[in-house]
Amino acid sequence: MNPNPMYSITCVPSADILELRTKILRPGQWPDIERYVQDDFETTYHFNARDETQTIGVATFIRHQPPQDFDIPIFLELGAIQLRGMAVHEDYRRCGVGAKIVNFATTFLVESGFSKNTLLWFNARQGAIPFYEALGFKCEGDFFNVPNIGPHKIMWRQLGHTS
Ligand SMILES: CC(C)(COP(=O)(O)OP(=O)(O)OC[C@H]1O[C@@H](n2cnc3c(N)ncnc32)[C@H](O)[C@@H]1OP(=O)(O)O)[C@@H](O)C(=O)NCCC(=O)NCCS
């Protein structure tokens, strides 16, 4: 762990996040890149944290409705955003990098015109649930299995929620 990493966070093209996304979230797959259908849509936003030498954290925000049985009726008329590809380099975890990326990105999206009440949701890996809970996200429904990865739960909050 690097206790005081110096880094900056910016909104970037997909090319700047794909390597770390793949290496952290699909390690056995590298060098085949982990891509999402929406990666290069105009309405998709990618963020990375970079220190002077490398990318140390990434996240992607996609315009995408949650599953139809998602039981949170509020906010859906505003549309919804799915967080995907949240990953921090192993050497930089528990230093606040992941939290800063989510906070930077949600502020950026609100300043770009999304309502603070827009639903922000995602499928959370079991091991990452405490991280998301620390950022004010709530679990919805039961665990479900994602093949080759493991148990997940849907989590959500308002985009502009401040923890
Ligand atoms: C989940 C992940 C993105 C968190 O990133 P991070 O930079 O380490 O998280 P932060 O340092 O910003 O953590 C913020 C807070 O979240 C909580 N938290 C983070 N990781 C945690 C963990 N493993 N266990 C318990 N709480 C945790 C803590 O409250 C932490 O604050 P603290 O360190 O002051 O106690 C990172 O561990 C990661 O990339 N994991 C592997 C990939 C992954 O699972 N991605 C999520 C896919 S859904």
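## Overall size

With 163 residues, a compact globule would have a radius of gyration near 15 Å, and the protein chain agrees because its own value is 15 Å. The model is predicted. Along the principal axes, the C-alpha atoms of the protein chain fill a box of roughly 45 × 35 × 30 Å.

Of the 163 residues in the protein chain, 28% are buried. Among contacts in the protein chain with a separation of 6 or more, 72% are between residues 24 or more positions apart.

## Secondary structure

The protein chain has three helices and seven strands. Their order along the sequence is β-α-β-β-β-α-β-α-β-β.

## Helix α1

Buried residues in α1 are Leu18, Leu20, Arg21 and Thr22. The buried residues of this helix pack against two strands, β3 (55–63) and β4. Helix α1 spans residues 18–25 and also supplies at least two residues of the shell around the ligand.

## Surroundings of the ligand

There are 19 residues around the ligand, and those that come nearest are Arg93, Gly98, Ala99, Pro130 and Ala134. By type, the shell around the ligand consists of 13 nonpolar, three polar and three charged residues.

Several elements contribute to this shell. Besides α1, at least two residues each come from the strands β4 (80–88) and β5 (119–125), and from the helices α2 (97–111) and α3 (129–134).

How values were computed:
Residues numbered from 1 in each chain as written. Predicted model: local features only at pLDDT ≥ 70, side-chain atom pairs only at ≥ 80, totals over all residues. Helix = DSSP H or I, 4+ residues; strand = E, 2+ residues; numbered from the N terminus. Rg over C-alpha atoms; globule rule 2.2 N^0.38 Å. Buried ≥ 20, exposed ≤ 12 C-beta atoms within 10 Å, placed from the backbone. Contact = placed C-beta atoms within 7 Å. Near = placed C-beta within 6 Å. Nonpolar A, V, L, I, M, F, W, Y, C, P; charged D, E, K, R; others polar.
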